[in-house]
Amino acid sequence: MSIHPTALVDAGAQLADGVEIGPSCVVGPGVVLHEDVRLVSHVVVQQDTTVGARTVIHPFSVIGGDPQHGGYKGESVRLEIGEDCLIREHSTFNRGTPQGGGVTRVGSHNLFMTGAHVGHDAVVGNNVTFANQATLGGHARIGDRVFLGGLCAVHQFGRVGQGAIVGGLAAVTRDVIPYGSAWGNHARLHGLNLVGLKRKGYGKDAIRRMLAAYRDLFEGQGTFAGRVDAVATDYADLPEIMEIVAFIREDGKRPLCLPGE
């Protein structure tokens, strides 16, 4: 363990073996830093935050800050960050609220570029990339392997399904399906995330069938609800398509990001 003389570490913080705390860092009460966590310098981990092993946090980030919620009255709430995350300069992660379950959850193996923001009660999956200043409103839910472009913003309670990509500067006011590609202001759906699918190792035949299912779902005849049911039947052997169907059916009250809207 290495703690710089200028760092301030609360007596109630728990530090595992190999933790490095650099110059002018502040580690508050209820903070748990697991093995080999590194706070480079000038990092604030405010309170009641768990940081997973080998996560690195760069200068001027404020992690575990109070939720930006007018109803927050100082209740005990938490932030949980997984392993092997890289959090770059000026990022801000807020703790949860009692109204939202009390915990903001961030998974493992994630990259948060400069100025990224994770709002209160958000849930972020694994292997996610936030480009510079990508922002989540409160209660947002981001699936695994999502890429959020620079300066994009996901509306509070918004969902972005796993494997999706959101373009830079997009205002995401409607939910983005798994494996979708959404961009624009406001964001619209422009097909599937073909680059991400190819990088993940999907072959031409699998991608061709996914594209066919996408066309049937968003460009076919009849009502949207009817097309969802038809795709669920016709492509029942494709787990990714069934995931899209489940995503659409999960929360019928939220607007969905659609092509051409």
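Tutor: The expected span of a helix is taken as 1.5 Å times one less than its number of residues, and a helix here is a DSSP run of H or I at least four residues long, a strand a run of E at least two long, both numbered from the N terminus. The model is predicted, so local features need pLDDT of at least 70 and side-chain atom pairs pLDDT 80 or more, whereas totals for chains, interfaces and linings use all residues. Residues are numbered from 1 along each chain as its sequence is written, and side-chain values use heavy atoms, without hydrogens or water.

Consider next which residues of α2 are covered. Ile207, Met210, Ala213, Tyr214, Leu217 and Phe218 are buried, that is, under 20% relative accessible area (1.4 Å probe, protein chains only), while exposed means over 50%. Seen down the axis of α2, these buried residues fall within an arc of 120°, so they line one face of the helix; the arc is that of the directions from the helix axis to the C-beta atoms. An α-helix has 3.6 residues a turn, so residues three or four places apart point the same way. On the other side of α2, Lys204, Asp205 and Glu219 are exposed.

The buried residues of α2 pack against strand β28 and against helices α1 (194-199), α3 (224-234) and α4 (239-250), contact being heavy atoms within 4.5 Å. Of these neighbours, β28 (residues 188-192) is itself joined to β27 (residues 180-183) by three bridges in the antiparallel sense; strands pair when DSSP finds at least two bridges between them. Within that pairing, Ala182 stands opposite Leu189 of β28.

A cavity is a set of points on a 1 Å grid over the protein atoms alone where a 1.4 Å probe fits but cannot get out, and its lining residues have an atom within 4 Å of a point. One cavity of 30 Å³ or more is counted, and the largest cavity holds about 40 Å³, a volume being the space filled by probe spheres set on points joined across faces, edges and corners. Its lining consists of Leu192, Met210, Ala213, Tyr214, Leu217, Phe218, Val231, Ile241 and Ile244. The largest share of that lining, five residues, comes from α2, and α2 and α4 each supply at least two residues.

Methods: 1 Å grid on protein atoms, 1.4 Å probe; cavity = no way out; pocket = protein on both sides within 12 Å on 5 of 7 lines; lining within 4 Å.
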